[in-house]
Amino acid sequence: MGVSLTFTDEQFTLAPLFMDFLYRHFHAGFADQRWHDQLTEGLTQDDSVQRTAVEQAESMMRDPRAQKAVLRSYELLSAFLTGDSEQLKPFHYRYNFICIVGAPRHGGSYLTKQLFRALGYDAAKVPNAIAHDGFPDATPFDFDKGYSAYTRMMHNMAEYLSMVEIYFANSRAFDSMIPVPKKATKAAYQGGFFDRVLGPNAEYIITLRHPVPACISTYEKSGGLPADGRLAVRGNIETWVRRDNIYAGVPESKVEQLGYFDAYLSYWEHYHYNLLLTGLRLNPKWRVVAYGKERLEGLAAGLYERFGSADKPDDFKVFGQQARHPDWMKQAEPVVRRVSDIWRQAGVNFPFEEVMEAW
């Protein structure tokens with residue numbers, strides 16, 4: 001018996017970020033990309049990507065170069081859906097993906113910027129979709145009318161790989177492979193998928209930070225600690241905190257009644273379990289670095305040396321936050337210790353003492 005299945009682009013719509021990338025790459029160029037800004041606090045209120053995608057969609061689909069990229073993305077999506085692993089071999093042979101993976105506000109943007117600079121790129125002109133962690137979108141599993149977390153992740157990854165082929169087409173190779181930096185916070189949720197798709201030559205730099213200063217940085221970015229001390233949802237990170245608490249078993253009706261740090265600490269703990277246990281560790285090319293000026297600048301300097309750059313890494317700015325929430329510091333210690341113990345039981349080093357410096 002033969003069965004033919006047909007899907008349409010209405011069922012697998014193109015991501016606005018993908019369409020925006022194609023428009024800017026072929027027509028408008030990339031300028032003033034701000035994904036790498038370590039110090040600016042505050043939420044980005046910019047709907048330009050969605051607006052560009054809507055405004056330019058029709059004209060872009062008349063561009064043969066864009067058409068080719070779109071068809072390539074659907075070809076790769078089909079490969080993911082059917083298990084056609086042969087389609088991925090060109091990526092495994094040609095590209096050396098170097099992924100910076102860690103929870104938000106853990107130093108990943110700094111390292112990603114330094115990696116691009118070490119390779120000779122101007123970070124201000126590297127598109128967000130290529131460099132940063134919003135795309136491809138990977139989440140805990142969800143399923144609803146017109147939505148599957150798995151198929152969305154696969155479609156986004158197919159679009160990302162199509163962009164990689166375009167953006168890095170003429171990039172310099174090192175040891176016969178083209179390095180492709182990527183901040184990949186969300187890889188923690190579906191690590192096995194990222195590991196198999198990006199291939200055996202992919203590398204993972206894992207950033208770790210104490211939950212108290214990371215939480216402070218999160219609420220400062222979101223407009224300050226809420227007056228009532230409870231979780232508020234004002235931006236992406238707080239949205240993820242809310243979602244992950246629900247997946248950890250907090251009833252949806254009660255999640256925003258949680259204390260801000262209670263919610264964040266639960267998110268931080270479960271993120272680091274996901275990072276270890278969802279399959280990313282199948283790839284042995286892990287390198288763990290604890291947050292701190294000397295450690296992150298030293299790792300960046302090693303990347304500059306590795307890729308033959310005569311430049312020097314940017315300074316990494318750190319601010320002492322250890323005394324601001326002594327009650328949080330006391331609450332966090334057993335959680336950090338628990339995560340450290342689980343990692344070590346799995347045979348993975350967790351630099352407990354360095355993380356407990358709480359930078």
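How many bridges join strand S1 to strand S5, and do these strands run parallel or antiparallel? In this predicted model, 4 bridges join strand S1 (residues 95-101) to strand S5 (residues 203-208), and the two run parallel. Strands (E, at least two residues) and helices (H or I, at least four) are DSSP runs numbered from the N terminus, and pairing requires at least two DSSP bridges between two strands. Ile98 stands opposite Glu203 in S5.

The pair belongs to an open sheet of 4 strands, ordered S4-S1-S5-S6 with parallel pairing. Strand S4 (178-183) and strand S6 (286-290) are the edge strands, each pairing on one side only. On average, neighbouring strands of this sheet are turned by 20° against each other, direction ignored. Helix H12 (residues 293-306) packs on the sheet and touches S1, S5 and S6, contact meaning heavy atoms within 4.5 Å. The direction of H12 makes about 140° with that of S6; axes are lines fitted to C-alpha atoms, for helices over the stretch in contact, and angles between N-to-C directions run from 0 to 180 degrees.

A search of the whole structure finds 1 cavity of 30 Å³ or more, a cavity being a set of points on a 1 Å grid over the protein atoms alone where a 1.4 Å probe fits but cannot get out. The largest cavity has a volume of about 40 Å³, taken as the space filled by probe spheres set on the points. Its lining (residues with an atom within 4 Å of a point) includes Cys99, Lys182 and Phe194. Helix H7 (149-167) and helix H8 (191-198) each supply at least two lining residues.

Residues are numbered from 1 along each chain as its sequence is written, and side-chain values use heavy atoms, without hydrogens and water. Local features need pLDDT of at least 70 and side-chain atom pairs count only at pLDDT 80 or more, whereas totals for chains, interfaces and linings use all residues.

Technical notes. On a 1 Å grid over the protein atoms alone, a cavity is a set of points where a 1.4 Å probe fits but cannot get out, and a pocket is an open set with protein on both sides within 12 Å along at least five of seven lines; lining residues have an atom within 4 Å of a point.
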